Amino acid sequence: MTTVLRPGPAAPARTSGTTKYLVPEVVFGWGALSEAGFAARRLGGRRPFVVTDGGLVEAGWWHELTGHLAEAGLRPTVWQGLTPNPKDHEVAAGAERYRESGCDVIVGLGGGSVIDAAKAIAVVASNGGSILDYEGVDRVRTALPPTVMCPSTAGTGADVSQFTVITDTTRRLKATLIGRALVPDISITDPRLLTTMPADLAAATGLDAVTHGVEAYVSRASGPLTDVHALHAIELICGSLRHTLRHPTDEAARTAMAQASLEAGLAFTNAILGATHAMSHQVGGLLDLPHGVVNGVLLPHVIRFNARTVPDRFVPIARAMGLDVAGLPADVAAELAADAVGRLAAELGCPRGLAELGVRDADVDVLARTTLGDACLSTNPRDADHADVAALFRAAL
């Protein structure tokens, strides 16, 4: 079964200009994992280096993938040496194992942590040094090994994005790498893989995806192509996420969430993100927390902050969420959108504030300082200085 991408709610016209739109080859649909072996072969691979984790092995997806790789005449090596929020030293170990293995294509099978690690391994294996040497924008100079990414969650968008986020264990923050070299060659989205996600992971990654949609839509780098994907992703998530938690094997709902993750990924990889992600990266790096949960806590506060500068951009977002905002002032629509995100996060089990996740008031100054160095802040629609970011963190406590 495949799902046809269609436009979301109408958006206000954007300024004209020339834009480069980065996107991998996309294979999408129920049963798409069967294409993995052929995809790797098309890229010239004979010895796939498969990055995955124990959950995917236990769920049986690794076993299915190896069958598809074998059918294509490929001999895989598997590596599982990573943890959630992949660490710099784990990437170093994975790159060393890749070099030793004689492999020639990297296949990521898993959620955002797996795919970020797979991309980071590709960077270090081909460019040398430490993954942290490439923090920032367009720091990767040497071509990566071919990459095929198979996401098992509906939210991170890492399988189509030019982002890789790795935890710097010395500074205790998440280092963000951005650049066209990080866009995978082929993304294979099979919604069947979502049926084995634990409910808490489905909730967290869904919140991540809705944050991608919102931040991409209001980003300073947004445009017509990113807007349509961002709004449709929000519409799909608000219409399907709750249902998937109650009915985890529902094919239509899982397919909708898989498409939402894909579209949100296509939106944010080209429009970039904003203050929510810039702040969330710091909290996640400090306390090793689920990224989507932190986004769920922060996003309503950032919506209210940004709405003071670009209230009109939140009207289509509110409509995509299913809210009736006809005839309402833009600032009111933005407030309703912030409230709706807060209710969704609460329904999905998110804490009411960062303090429940372990953030202390004493952490705020450091978190605000490191947020200012995160690349995602550069496309936030409203300028934010140290005092602004610190106030946002304290409001979210």
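**Cavities, a helix and a sheet**

Searching the whole structure turns up 3 cavities of 30 Å³ or more. The model is predicted. Helix α3 covers residues 61–71, and 3 strands make up an open sheet with mixed pairing.

**Largest cavity**
- Its volume is about 60 Å³.
- The lining holds 5 nonpolar, 3 polar and 2 charged residues.
- Helix α8 (residues 251–271) contributes the most to this lining, with 3 residues.
- Other stretches take part too: Pro-151, Thr-153, Asp-159, Thr-189, Asp-190, Pro-191 and Leu-194 are among the lining residues, along with Ala-258, Ser-261 and Leu-262.

**Helix α3**
- Trp-61, Trp-62, Leu-65, Thr-66, His-68 and Leu-69 are buried.
- Viewed down the axis of α3, these buried residues fall within an arc of 160°, so they line one face of the helix.
- His-63 and Glu-71 lie on the other side of α3 and are exposed.

**Open sheet**
- The strand order is β5-β8-β7.
- β5 (136–137) and β7 (163–168) are the edge strands, each with a single partner, so one side of each has no neighbour in the sheet.
- β7 pairs with β8 (residues 173–178) in the antiparallel sense, over 6 bridges.
- Within that strand pair, Thr-164 has Leu-177 of β8 as its bridge partner.

Key. Residues are numbered from 1 along each chain as its sequence is written. This is a predicted model: local features need pLDDT of at least 70, side-chain atom pairs count only at pLDDT 80 or more; totals for chains, interfaces and linings use all residues. Side-chain values use heavy atoms; hydrogens and water are left out. Buried means under 20% relative accessible area, exposed over 50%, partly exposed in between (1.4 Å probe, protein chains only). Helices (H or I, at least four residues) and strands (E, at least two) are DSSP runs, numbered from the N terminus. The arc is that of the directions from the helix axis to the C-beta atoms. Two strands pair if DSSP finds at least two bridges between them. On a 1 Å grid over the protein atoms alone, a cavity is a set of points where a 1.4 Å probe fits but cannot get out, and a pocket is an open set with protein on both sides within 12 Å along at least five of seven lines; lining residues have an atom within 4 Å of a point. Grid points are joined across faces, edges and corners, and a volume is the space filled by probe spheres set on the points. Ala, Val, Leu, Ile, Met, Phe, Trp, Tyr, Cys and Pro count as nonpolar, Asp, Glu, Lys and Arg as charged, and the others, Gly among them, as polar.
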